[in-house]
Amino acid sequence: MFSYKRVSNIVGWTVFALATVVYYLSAERTGSLWDCGEFILGAYKLQVVHPPGAPLFLLLGRMFAWVAEVVSDNPEDIAFAVNLMSGISTAFAAMFIAWVTIILGKLSLVGREGNPDNGQLIAIAGAGLVAGLATAFSTSIWFSAVEGEVYAMSTFFTALTLWATIHWYAQPDEHQYDRWLIFAIYSAGLSVGVHLLSILTFPALAFFFYLKRYSKHTFWGMVAAAGVGVLLVFGIQTFIVAGLPRLWGMFELMMVNGLGLPFNSGLIPFLLLLVGGIVFGLRYAEQKQNPTLQNAIVAVALLIISYSTYGMVVTRANAGPPINMNAPTDALRLIPYLNREQYGERALLRGPHFEARPIDVKSKNRYGQVGDRYEVVDEKLSYVYDKRQEIVFPRMGDPSQGRPSLYKRWIGLNPDQPLPAGRPNMGDNLKFFFNYQFNWMYWRYFMWNFSGRQNGAQGYYSWDKSSGNWISGIPFIDNWRLGDQSKMPDTMQDNQARNRYYMIPFLLGLLGLIFHFNKSKNDFLGLLMLFGITGLGIIVYSNQPPNEPRERDYVLIGSFFTYCIWIGFGVIAMFEVFRERVKLSTLVGASLATVIGLSAPILMLTQNFDDHSRRGHYASRDYASNFLNSCAPNSIIFTYGDNDTYPLWYAQEVEGIRTDVRVVNLSLIAVDWYIDLLRRKVNDSPALKLTISRDAFRGNKRNQLLYPPSNQPDREMSVQQFLQFIGEDHPLPLQSGEFTESYMPTRSVFLPVDRQTAEKAGLISASDTAVADRIPLNFGDREYLGKDDLAVLDVIASNLWERPIYFAVTTRTDKFFGLDDYMQLEGLALRIVPVRSPSDRPMGSSEAEA
């Protein structure tokens with residue numbers, strides 16, 4: 001008789017090995033687009049990445065990067081090592097899913113105490129093999145497994161937490177096995193240093209705890225258990241993720257402002273309170289001989305310890321690395337960093353619809369270091385809306401980026417017509433939820449993974465039948481949904497991302513789901529809870545607006561690997577049919593079921609490999625190199641979005657490409673901490689000169705500079721005079737009774753040209769005859785300038801005659817201030833020159849990259 005434990009280990013490690021080989025062969029060899037370049041450079045030099053950070057990912061990534069440095073002189077291998085870390089993490093996740101399937105399969109066939117016979121063991125092992133490989137080769141999971149992003153490692157911790165929970169659940173009901181439950185909680189806590197997705201396993205954890213610890217199971221008991229799990233999720237976010245920094249911040253203000261001690265001295269009473277509370281709790285539990293309380297305190301202590309990885313963020317922020325997003329140097333700057341305040345909030349239970357207009361603004365003070373104490377330097381603003389314009393379960397609340405017209409279209413209204421009276425209503429709200437958020441942003445992704453994918457193009461709208469849809473590979477289904485597929489051109493038919501699984505993984509999973517429900521309803525409900533909260537639950541919580549900048553399937557992988565468990569259960573279901581109805585021997589039936597079941601992951605592997613293999617992809621790095629090499633030495637280039645900034649940062653920080661060029665991101669320049677970074681030397685790029693002082697840009701100062709109406713004509717000012725005036729205090733009264741620090745004294749501003757200085761800077765040659773005496777700046781009919789506009793003007797005016805200044809061709813034209821006719825195209829960059837040459841076509845981007 002085969003050993004259950006040995007077979008389980010063999011299957012799990014086989015899945016790991018196969019997945020690792022496939023990911024090694026398909027991992028990108030350099031940096032990718034979007035956030036990957038930022039995370040790779042963050043791991044390589046332990047820099048501070050965008051909120052809310054990923055300190056554990058960066059620490060582990062640093063180890064992989066260090067190995068790459070030791071064994072190779074090629075800087076590309078640093079990126080490859082971090083990308084491979086994602087592959088190894090995902091391979092481990094697939095292994096854990098295989099083991100979870102094996103454990104639950106055993107429970108469904110023979111129970112906790114039973115021993116499977118040889119046929120049953122082969123069927124269980126086959127189920128684990130199929131589930132693990134299906135996980136590894138699912139399109140959404142594979143996508144993250146070959147790039148240096150946090151989602152692969154998040155998948156690892158989610159699967160690890162689930163496995164530890166199920167492993168505990170399968171053990172005898174004895175307190176000595178509770179260590180696995182505590183380990184599951186610790187695993188979820190560690191995952192906070194990567195991504196918050198793993199704590200979504202807590203409702204399932206609480207549910208399985210209820211099933212094991214309580215002999216009598218009722219409907220309301222199950223609801224209560226699930227409710228406790230949901231409360232645990234919100235409790236961790238409220239009291240640990242956000243609560244601990246707030247507590248530290250309270251002590252920080254007391255110690256620094258109250259007692260005059262140095263910055264970060266509030267950490268001392270904060271740590272004393274935490275350690276003292278844990279020690280006191282453990283001693284109290286020991287005195288009361290209460291093992292449950294003791295386990296709870298140990299679990300909380302491990303959550304706090306696991307969260308301590310964020311100490312790296314504060315430590316590195318104080319070290320001042322080249323990339324120091326939000327500069328969270330103390331507890332009071334760490335709080336908005338962790339809360340992702342710069343990205344705004346979306347209402348969940350009750351909120352405004354897209355036609356609502358704010359009637360008031362609430363503010364909350366934000367402190368910053370000023371001298372040797374903390375002072376209020378900024379505010380967190382929250383809009384207040386008329387209750388009559390709010391709706392329960394708000395789904396359509398984003399009025400920006402042209403989204404109101406898209407909301408209208410998704411609910412069947414003419415986007416060019418005003419809303420009918422009484423709209424949008426709850427019916428519209430739910431229609432958008434089902435049409436867009438559920439069907440387009442969840443079900444479409446789900447079927448990508450288990451039925452097939454039309455192509456690799458991003459799908460923006462369901463009414464566009466040519467891109468981003470799911471397919472089955474079965475002609476009559478695809479023809480019915482998307483039109484006659486035989487009329488597609490060869491380029492679409494032969495698209496590498498046109499993956500057809502013929503619904504085999506989907507149908508196997510449906511068979512396994514039904515079998516699991518019939519065979520073990522309680523265990524099924526626990527998995528169903530995980531499937532729902534990591535799928536539909538995320539959709540409800542994230543409340544996604546239409547026209548997302550990229551596909552968002554990567555956040556739903558917990559739901560997808562849960563379904564892979566049921567694909568594995570499809571093997572056990574077929575085994576039972578072969579044994580009981582076809583009357584095959586158990587060994588033959590188990591082997592046949594496994595072979596049939598393996599058709600799903602094999603099909604997924606063969607269909608997905610060509611479009612998921614990034615082995616020969618260098619486009620992101622080459623794209624960045626082209627931007628940087630378009631610039632003259634010691635130059636400045638303004639970029640706008642993620643994909644024309646993060647790859648450039650990666651190319652400079654990791655591969656050492658053109659480190660003399662200063663990349664200035666226009667999406668970040670509206671905040672004081674980023675403007676401060678420009679004043680520093682970075683790599684081979686000297687500090688930028690700025691006319692306006694650091695104090696004048698601090699916090700919310702000069703966030704908005706109004707142009708006061710006047711009956712007098714504008715007087716001309718040079719840009720230096722303009723900036724000097726704005727940088728000084730010239731209070732302007734507002735209708736609210738408050739005052740702005742300064743204002744726009746004129747709209748008639750010009751950039752004076754000193755020919756001799758321009759020649760010396762290499763902007764022109766002595767033979768040029770069409771050199772302008774001045775370059776006019778065009779503010780149009782603007783009624784105000786934002787801090788970002790002011791900072792851009794300052795960079796241009798203070799540096800143009802000493803350093804070449806460029807705008808990336810991807811930059812929005814409204815950021816040019818009318819300089820379009822004073823630019824010349826050099827490669828992928830537009831260089832400001834004192835020679836007017838009217839553009840024959842608009843350069844730059846007309847819309848923002850989200």
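## A buried ring and other local features

Modeller: Trp-566 is buried, with a relative accessible area of 0%. The model is predicted, and that applies to each value below. Trp-566 lies in helix H23, which covers residues 557-580. Tyr-563 is in H23 as well, three residues away from Trp-566, or about one turn of the helix. Tyr-563 has a relative accessible area of 2%; the cut-off for buried is under 20%, so Tyr-563 counts as buried too.

How are the rings of Tyr-563 and Trp-566 placed relative to each other? Their centres are 6.3 Å apart, which is within the 6.5 Å limit for a pair. Their planes stand at 85°, and an angle over 60 degrees counts as edge-to-face, so this pair is edge-to-face. By this rule the model has 61 aromatic pairs.

Tyr-563 and Trp-566 also belong to one aromatic cluster. A second case of a charge over a ring involves Trp-470, where Arg-481 lies over the face at 3.8 Å from the ring centre.

Next, a helix pair. Two packed helices are described by the angle between their axes and the distance between the axes. For helix H9 (residues 202-213) and helix H10 (residues 219-241), the axes come within 7 Å and cross at roughly 140°. The crossing of H9 and H10 is right-handed. On the H9 side, the contact is made by Phe-202, Pro-203, Ala-206, Phe-207, Tyr-210 and Leu-211. These meet a set of H10 residues that includes Gly-221, Met-222, Ala-225, Ala-226, Gly-229 and Val-230, and also Leu-232, Val-233 and Ile-236. By class, the H9 contact with H10 has 13 nonpolar, two polar and no charged residues.

Val-223 is another residue of H10. Its relative accessibility is 37%, between the 20% and 50% cut-offs, so Val-223 counts as partly exposed.

Ser-191 lies in helix H8 (residues 178-191) and is buried, with a relative accessible area of 0%. Leaving out residues up to four places away in sequence, Ser-191 touches Phe-157, Leu-196, Ser-198 and Ile-199. Thr-309 is in the loop between helix H13 (291-307) and helix H14 (311-319). At 13% relative accessibility, Thr-309 counts as buried. With sequence neighbours up to four places away left out, Thr-309 touches Pro-55, Leu-56 and Gly-193.

The backbone has some points to check by eye. A cis peptide bond joins Pro-51 and Pro-52, with omega about 0°. Pro-52 is in the loop between helix H2 (36-45) and helix H3 (55-71). Leu-46 lies in the loop between H2 and H3, and its phi is near 50°, a positive value in a residue other than glycine. Leu-46 is buried, at 19% relative accessible area, a value under the 20% cut-off.

Another cis peptide bond joins Arg-423 and Pro-424, with omega about 0°. Pro-424 is in the loop between helix H16 (403-410) and helix H17 (426-450). Gln-289 also has a positive phi, near 50°, and is a residue other than glycine. The place of Gln-289 is the loop between helix H12 (267-287) and H13. Its relative accessible area of 63% is over 50%, so Gln-289 counts as exposed.

Last, Leu-406 lies in helix H16 and counts as buried at 12% relative accessibility. Leu-406 touches Tyr-461, Pro-546 and Asn-547, not counting residues up to four places away in sequence. Its C-alpha atom is separated by 48 Å from that of Ile-124, a residue 282 positions apart from Leu-406 along the chain.

Technical notes: Residues are numbered from 1 along each chain as its sequence is written. This is a predicted model: local features need pLDDT of at least 70, side-chain atom pairs count only at pLDDT 80 or more; totals for chains, interfaces and linings use all residues. Side-chain values use heavy atoms; hydrogens and water are left out. Rings of Phe, Tyr and Trp (its six-membered ring) pair if their centres lie within 6.5 Å; planes under 30 degrees apart count as stacked, over 60 as edge-to-face and the rest as tilted. Helices (H or I, at least four residues) and strands (E, at least two) are DSSP runs, numbered from the N terminus. Buried means under 20% relative accessible area, exposed over 50%, partly exposed in between (1.4 Å probe, protein chains only). A charge sits over a ring if NZ of Lys or CZ of Arg is within 6 Å of the ring centre and within 35 degrees of the ring normal. Axes are lines fitted to C-alpha atoms, for helices over the stretch in contact, and angles run from 0 to 180 degrees between N-to-C directions. A crossing is left-handed if the near helix is turned anticlockwise from the far one by less than a right angle, and right-handed if clockwise. Contact means heavy atoms within 4.5 Å. Ala, Val, Leu, Ile, Met, Phe, Trp, Tyr, Cys and Pro count as nonpolar, Asp, Glu, Lys and Arg as charged, and the others, Gly among them, as polar.
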